[in-house]
Amino acid sequence: MERVARHIVSVGGGKGGVGKSVVAANLAVAMAQEGHRVALVDGDLGAANLHTLFGLTQPGPTLQDFVDHHLDSLEAARVETGVRRLTLVRGANAVFGAANPTHGSKQRLLRHVAALDADVVVIDVGAGTAFNQLDLFDLADRRLVVLTPQLTSVENAYGFVKAAVFRTLAPVLKAHGFDDVLDGPARSEATKLPAFIAEVAACSPKLGAELGEALQGFGLSLFGNLMHEPREAQVFQGVSRMMRDFLSLEVPVLGAARSMRAVHESVNHRRPVLVTHPQDESSVVFRRVANALLAAGVVTRRAA
Ligand SMILES: Nc1ncnc2c1ncn2[C@@H]1O[C@H](COP(=O)(O)OP(=O)(O)OP(=O)(O)O)[C@@H](O)[C@H]1O
Ligand SMILES: [Mg+2]
């Protein structure tokens, strides 16, 4: 029997402290409140805090228990969040070596995240552009980059997306025997990806077409966060244009949230703002972005 429409949404952004966890948590709540069964995964391997955002103060199973083979299935690490239809796979906190799983462990983790029994899996991929973050980010059919209007965040968000694009293109290039192309000039700051792909396509039209296709399915969008005034939203539109011009990606800005007292307080009260202040401006943005993500997501059907 055909069952549910299933999406994987990943939330990344390169820079720490921009709101990835707050955004991932509230998008997951919004989706659960809309009636979807949601599995939220704390992929921040080493500095997890989604459990705190849901007030889970008692110890419980974590993703690390699965990585360490104390659990056979990631399903067994899902815990209730207090929000109906929403479960959480907690991350590991301050466990030595947690941030560096072996290749085999990571592949097993990726397989199990993708196989979680839920309508929507939401992954907080954590900060940084290491392969761990990129691979969790790339697992999704909808990828959301959280950034703030600050120059450092813009810089890191762009770098993060560029790294994710290269990670996506690398296997395509490798399959055609161009293993080392991405180590060359394509890596430089000044290279525009459209020009690079055109150059590759001139040598091999088939490869050029495959690279173009890989980017078309990239499913990337932006969430602007921590604005201090509404006109800062222009920064996010600028980043979107930059990603189109330099990376050949159409990247819509799905929403922009101001720095809101209700969000700040919700963190300290260990309840998502969508639960504590459902009518706050930020909650309205989170709901809108959650709906937009699901509306735009690639739907894959699976047998029950
Ligand atoms: N829209 C917002 N309004 C007010 N405060 C916010 C908003 N978004 C995030 N914050 C604040 O910023 C802090 C950092 O957010 P969060 O922990 O989600 O960032 P992060 O990107 O996940 O960081 P890390 O990379 O360290 O995991 C939160 O504690 C929260 O108080
Ligand atoms: Mg975080």
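## Close-up views of a predicted model

**View 1. Helices α6 and α8 pack at an angle of about 145°.** This is a predicted model. Helix α6 covers residues 151-175, and helix α8 covers residues 205-216. Their axes lie 10 Å apart. The crossing of the two helices is right-handed. From α6, the contact uses V165, T168, L169 and V172. From α8, E210, L211, A214 and L215 take part. By class, six residues of this contact are nonpolar, one is polar and one is charged.

**View 2. V239 sits in helix α9.** Is V239 buried or exposed? V239 is buried: 23 other C-beta atoms lie within 10 Å, and the cut-off for a buried residue is 20 or more. Contacts of V239 beyond its neighbours within four places in sequence are with L147, V154, A157, Y158 and L222.

**View 3. The shell around ligand 1 holds 20 residues.** Which residues come nearest to ligand 1? They are G16, G19, S21, A127 and V263. Three elements each supply at least two residues of the shell: helix α1 (20-33), strand β7 (220-227) and helix α10 (261-268). By class, the shell has nine nonpolar residues, nine polar residues and two charged residues.

**View 4. L226 has a positive phi in strand β7.** The phi value is about 60°, although L226 is not a glycine. Most residues other than glycine have a negative phi. L226 counts as buried because it has 21 C-beta neighbours inside 10 Å.

**View 5. S248 has a positive phi in a loop.** Where does S248 lie? Its place is in the loop between helix α9 (233-247) and strand β8 (253-258). The phi of S248 is near 60°, and S248 is a residue other than glycine. S248 has 20 other C-beta atoms within 10 Å, so it is buried. The cut-off for a buried residue is 20 or more such atoms. Helix α9, on one side of this loop, is the helix that holds V239.

Key: Residues are numbered from 1 along each chain as its sequence is written. Chains are lettered from A and ligands numbered from 1 in the order in which they are written. This is a predicted model: local features need pLDDT of at least 70, side-chain atom pairs count only at pLDDT 80 or more; totals for chains, interfaces and linings use all residues. A residue is near a molecule or strand if its C-beta atom, placed from the backbone, lies within 6 Å of it. Helices (H or I, at least four residues) and strands (E, at least two) are DSSP runs, numbered from the N terminus. Ala, Val, Leu, Ile, Met, Phe, Trp, Tyr, Cys and Pro count as nonpolar, Asp, Glu, Lys and Arg as charged, and the others, Gly among them, as polar. A residue is buried if 20 or more other C-beta atoms lie within 10 Å of its own, exposed if 12 or fewer, and partly exposed in between; C-beta atoms are placed from the backbone. Axes are lines fitted to C-alpha atoms, for helices over the stretch in contact, and angles run from 0 to 180 degrees between N-to-C directions. A crossing is left-handed if the near helix is turned anticlockwise from the far one by less than a right angle, and right-handed if clockwise. Two residues are in contact if their C-beta atoms, placed from the backbone, lie within 7 Å.
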